[in-house]
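Biologist: Please take a close look at the core of this model and at the charged pairs that accompany it. I would like one connected account, with the cut-offs stated.

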Amino acid sequence: MRNMMKAVVALICVLVCVDIAQGGRIKRCYICRSRGELGDCKDPFHYNATVVEDVKGVEAQPCASGWCAKIIEGENDDFDTATERICVQRPPTDGEERCSDTIIDRKPVYMCFCQGDLCNSATSTASQLGLVLLAWLVVSFRRNL
């Protein structure tokens, strides 16, 4: 039990240090646009920061606000749907990450806002890692009670 507690404390310290270290870094967003099956911007988005340099039309650019967005425009068929990933100049006024239907240039779109380095990919591995760690901690503590 004592070793388990030490391991948990060490893991929490590492995660906090990584979070602090990344906090000072300039955040980046994926920048791209593609329509239908053409292009590499659509979902599922299969790229990360290391391979995106080799993909034409997809960039990982610094974003001064630290807020990224993904915009899906058009009907739900593969031919007409356009996907765009961008850096937003100003964060939402309430500072909340979210997805919702909205109107841009008189067109209905589905838009997601997120804050963090390269957060506008299709899935967030950081949030998935957090959920896995939380589940592991709950299971570990229940076993030891």
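**Core and charged pairs**

Modeller: Leaving aside neighbours within four places in sequence, V55 is in contact with D40 and Y47 (contact: heavy atoms within 4.5 Å). V55 also belongs to the largest nonpolar core, whose 8 residues are Y30, C32, C41, F45, V52, V55, V58 and L118. Such a core is a set of buried Ala, Val, Leu, Ile, Met, Phe, Trp, Tyr and Cys residues joined through side-chain atoms within 4.5 Å; buried means under 20% relative accessible area, exposed over 50%, and partly exposed in between, with a 1.4 Å probe and protein chains only. Apart from this core lies another, of 6 residues, including W67, I71, V88 and M111.

The model is predicted: local features need pLDDT of at least 70, side-chain atom pairs count only at pLDDT 80 or more, and totals for chains, interfaces and linings use all residues. Residues are numbered from 1 along each chain as its sequence is written, and side-chain values use heavy atoms, with hydrogens and water left out.

The structure holds 9 salt bridges (a side-chain nitrogen of Lys or Arg within 4 Å of a carboxyl oxygen of Asp or Glu). One of them joins R28 and D117 at 2.8 Å, N to O. Because R28 lies in strand β1 (residues 28-35) and D117 in the loop between β6 (107-115) and α2 (125-144), the pair ties together parts 89 residues apart in sequence. Helices (H or I, at least four residues) and strands (E, at least two) are DSSP runs, numbered from the N terminus. R28 is partly exposed at 26% relative accessibility, and D117 is partly exposed at 25%.

E73 forms a salt bridge with R33, at 3.5 Å between the closest N and O atoms. E73 is buried at 17%, whereas R33 is partly exposed at 42%. Both belong to a network of salt bridges linking R33, R35, E73, D80, E84 and K107.
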